[in-house]
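Please read them with the coordinates open.

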Amino acid sequence: MPRIFSGIQPSGELHIGNWLGAVQNWVTLQESYECIYCVVDLHAVTGKYDQATLAERTREMAIGLLASGVDPERAVLFVQSHVPEHSELQWLLNTITPIGELERMTQFKDKAQRFESVPAGLLNYPVLMAADILLYRADLVPVGDDQTQHLELTREIARKWNAEFGGGEEWFPEPKPLLTEAKRIMGLDGQSKMSKSLGNTIGLLDSPEEIWQKLRPAVTDPARVTKRDPGTPELCNIYHLHRYFSPPETVALVAENCRGARWGCLDCKRVLADNMIATLAPIRARALELRAQPGRVDQILGDGAAAARRIAGETMREVRERMGFLEAATHDSRLTTHD
Ligand code: TRP
């Protein structure tokens, strides 16, 4: 069975954009692949971050994933920093990654502008991502289009390592992107992609009241000023969201009533809110249950880390050997104490 690896940052809030764009897909993929899913906390410290909330954000992200249907019986779910092999492989891959390639990454160029003094970790972020994927010798990586450049670099790093250390084999498979139907979910500002840092999101676990408070002022068709102006649903972000949360009959009705100036935007939003609340209710209920049992969540993550480490430890043993390191006499005991 082909193996899948993917990672998500512990942003602290799983929002409907992440859910529609990535997490639903993760859940579906569990049926056909061996899936390894990781909350990438080491990636979340490449800039200024709040150390007081990192642990909680990490656990919350895991709760959101579990509540959405990531199933620890079928997939491995773990926290990146719990498996130290990620950092170790990253170091080794650093030694074969050209700085020029890293400086070319559009995400790096973008983010580097925000720093007076750019941390080396920001530059090396894609090498850690390559280590994440190669550590499990994953075949496929579901990612959004903003990550395809990083994945291309991962393939290049794999090729380079294979050429130097693979002994003629393609020892690290070159991971392929798994691009699904591009769901680009716009934020409530109707301007930019939904993103926690832009404050234009609806949280997956928001309460019914919060959902309504956020939808009510959301941007609609800018040309529609009053209820009597006929609207253009295709230009309206709220209409777009209806297509993910409302049944087809409702979507058709919404379009008709908008074009015919029979419904105002607020009427349309109320229907969306009700459908969104109903869709998310079971996820929210599961999340509240998990939040009440942080020990159980940590146990699931502990089991996940142990399962991940069994694979990662095996990869690193081979990698060290192929790269010519002296084997440590204590390796075996070091690995087994964590099982
Ligand atoms: N960089 C990815 C993002 O910001 C997260 C990530 C880290 C990842 N490691 C990964 C995604 C490995 C896929 C595979 O979305």
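This is a predicted model: local features need pLDDT of at least 70, side-chain atom pairs count only at pLDDT 80 or more; totals for chains, interfaces and linings use all residues.

The points below cover the domains, their interface, the ligand site and the salt bridges.

1. Extent of the interface. On the domain 1 side, 14 residues make contact, and they meet 13 residues of domain 2. The size of an interface is often quoted as the accessible area lost when the parts come together. Here about 1100 Å² is buried between domain 1 and domain 2. Carbon and sulfur atoms account for 73% of that area. Three residues stand out on the domain 1 side: Ile16, Trp19 and Ala67. Together they supply 41% of the area domain 1 buries against domain 2, more than any other three residues.

2. Polar terms across the interface. The number of salt bridges between domain 1 and domain 2 is zero. Polar contact between the two domains comes down to one residue pair, with both residues at pLDDT 80 or more.

3. Which elements of domain 1 face domain 2? Helices H1 (16-29), H2 (54-68) and H12 (294-322) each give two or more residues to that side. H2 has the largest share, with four residues. By class, this side of domain 1 holds nine nonpolar, one polar and four charged residues.

4. Ligand site. The ligand is surrounded by 13 residues. The closest are His43, Tyr125, Met129, Asp132 and Gln147. For Asp132, an N or O atom of the side chain is 2.7 Å from a nitrogen atom of the ligand. For Gln147, the distance from a polar side-chain atom to a ligand nitrogen is 3.0 Å.

5. Salt bridges overall. Side chains of opposite charge can pair when their charged atoms come close. The whole structure contains 20 salt bridges. One to inspect is Glu56 with Arg59, where the closest N and O atoms are 3.0 Å apart. Why are these two about one helical turn apart? Because Glu56 and Arg59 lie three residues apart in helix H2. H2 is also the helix with the largest share of the domain 1 side that touches domain 2.

Terms used. Residues are numbered from 1 along each chain as its sequence is written. Side-chain values use heavy atoms; hydrogens and water are left out. Contact means heavy atoms within 4.5 Å. Buried area is the accessible area (1.4 Å probe) that two parts lose on being put together, summed over both. A salt bridge is a side-chain nitrogen of Lys or Arg within 4 Å of a carboxyl oxygen of Asp or Glu. A polar contact is a pair of N or O atoms within 3.5 Å; within protein, one must be able to donate a hydrogen and the other to accept it, and residues adjacent in sequence count only if both atoms are side-chain atoms. Ala, Val, Leu, Ile, Met, Phe, Trp, Tyr, Cys and Pro count as nonpolar, Asp, Glu, Lys and Arg as charged, and the others, Gly among them, as polar. A residue is near a molecule or strand if one of its heavy atoms lies within 4 Å of it.
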